[in-house]
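This report looks at how the chains are built and how they meet. Please keep the structure open while reading.

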Number of protein chains: 2
Amino acid sequence: MYSSRFLELLIEELVRLPSVGQKSAQRLALHLMRVPQEEALRLADAIRAAREKVGFCSVCGLFSEEDPCLIDRDPQRDPLLVCVVEQPADVLAFERTGSFRGRYHVLGGALSPLSGIQPEDLRIRELIERLRTEPIQEIILATNPNVAGEATALYLSRLLVPLGVKVTRIARGVPMGSDLEYSDQVTLARALEGRREFE
Amino acid sequence: MYSSRFLELLIEELVRLPSVGQKSAQRLALHLMRVPQEEALRLADAIRAAREKVGFCSVCGLFSEEDPCLIDRDPQRDPLLVCVVEQPADVLAFERTGSFRGRYHVLGGALSPLSGIQPEDLRIRELIERLRTEPIQEIILATNPNVAGEATALYLSRLLVPLGVKVTRIARGVPMGSDLEYSDQVTLARALEGRREFE
């Protein structure tokens with residue numbers, strides 16, 4: 001039982017967040033009650049602003065309150081190189097590496113006949129349109145290394161190669177820092193297949 | 001780099017939450033962008049309401065938008081029994097057990113001469129006032145089983161026992177489900193000292 005109905009409501013909402021259980025929700029709620037009021041309200045306002053002001057970039061499909069988005073408007077980003085991903089979260093993962101200076105294209109998912117996701121459900125038409133209007137030289141297919149992602153990459157490569165653009169796939173192999181002994185067979189087979197000569 | 005300034009601000013605020021790192025903050029932010037808008041706004045409103053409408057119960061010191069709080073107004077809660085704790089989070093821990101039907105008193109901390117926390121910084125005067133106005137028969141001292149909490153319990157017992165109320169201390173011993181082999185010496189000594197006869 002809670003001493004305050006509003007505190008209880010806050011905990012109920014926090015518990016809906018991914019990987020937040022009852023105990024974490026209570027801890028988060030008590031934290032929000034303890035910090036200076038303006039800090040708690042800044043979070044409330046940030047959530048509201050993100051949902052009320054942010055839409056999608058019509059070019060790459062990322063979240064943006066402006067169109068094109070900050071990445072597509074950045075003159076430092078290489079317009080010749082486009083990395084195709086399934087979801088916005090994948091873009092954040094690439095941005096964390098700090099080693100990609102091109103631009104992105106978010107498909108919004110991967111082909112999956114079983115789940116009824118067809119090519120027309122993904123932002124493929126938009127990608128082909130970009131090839132017509134932008135000076136793109138290489139498209140990196142960075143869909144997930146699973147069945148749906150591989151199928152999507154294959155489908156896109158067959159569609160894009162005839163259009164005269166260089167199409168590449170991110171390397172699949174043994175992850176850095178891992179132990180070969182515990183690598184699964186598919187990964188290991190891929191790592192062999194994708195081996196590179198020392199130069 | 002983020003495609004949206006508002007998304008970036010949201011992540012910046014989420015990262016201030018306890019045990020939320022950069023990656024979790026991104027995951028939480030993307031979750032909030034994905035759920036139905038009203039769900040995200042409900043969380044924003046819950047945070048705002050909790051901070052703008054909730055104060056403290058003048059009786060027990062817990063968070064409450066009403067005075068007395070929901071627990072103190074609940075006729076089902078035993079008015080003869082008061083559990084004294086350091087913080088509101090401790091109350092939530094006791095409530096989770098579902099095995100305490102009395103009421104609470106939040107001190108707001110524990111005595112700590114080194115941190116400059118004196119008796120007058122805690123809600124001790126309010127506790128003595130409650131003894132005068134409420135039919136309290138037993139006070140359970142449930143401060144933390146550490147140096148400051150033990151010192152606070154001892155201080156309170158010396159203050160309260162002369163007032164003619166029964167004063168008890170929660171049992172300290174080996175935690176349920178633990179392994180004696182790995183118990184620390186102080187805990188084990190306490191467990192021996194607090195042993196009970198089978199009846």
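## Sheet and packing helix

In this predicted model, strand 3 (residues 81-85) of chain A and strand 5 (residues 138-141) of chain A run in the parallel sense and are paired over four bridges. Within this part of chain A, A:Leu81 lies opposite A:Glu138, which belongs to strand 5 of chain A.

The open sheet of chain A is formed by four strands in the order 4-3-5-6, with parallel pairing. Its edges are strand 4 (103-106) and strand 6 (166-169) of chain A, each of which pairs on one side only. On average, and with direction ignored, neighbouring strands of this sheet are turned by 25° against each other. Helix 5 (residues 88-97) of chain A packs on the sheet, where it touches strand 3 and strand 4 of chain A, and its direction makes about 160° with that of strand 4 of chain A.

## Domains of chain A

Chain A is divided into domain 1 (5-53) and domain 2 (56-197), and the centres of these two domains of chain A, taken over C-alpha atoms, are separated by 34 Å.

## Interface of chains A and B

Between them, chain B and chain A bury about 5700 Å², of which 67% is on carbon and sulfur atoms. In chain B, the residues that lose the most area to chain A are B:Met1, B:Ser3 and B:Arg51, together 14% of what that side buries.

Four salt bridges are counted between chain B and chain A; the side chains of A:Arg42 and B:Glu13 meet in a salt bridge at 2.9 Å, N to O. Helix 3 of chain B supplies the largest share of the side of chain B that touches chain A, namely 16 residues.

Terms used. Residues numbered from 1 in each chain as written. Chains lettered and ligands numbered in written order. Predicted model: local features only at pLDDT ≥ 70, side-chain atom pairs only at ≥ 80, totals over all residues. Heavy atoms only, no water. Domains from an automatic or database assignment. Pairing = 2+ DSSP bridges. Helix = DSSP H or I, 4+ residues; strand = E, 2+ residues; numbered from the N terminus. Axes fitted to C-alpha atoms, helices over the stretch in contact; angles between N-to-C directions. Contact = heavy atoms within 4.5 Å. Buried area = accessible area lost by both parts, 1.4 Å probe.
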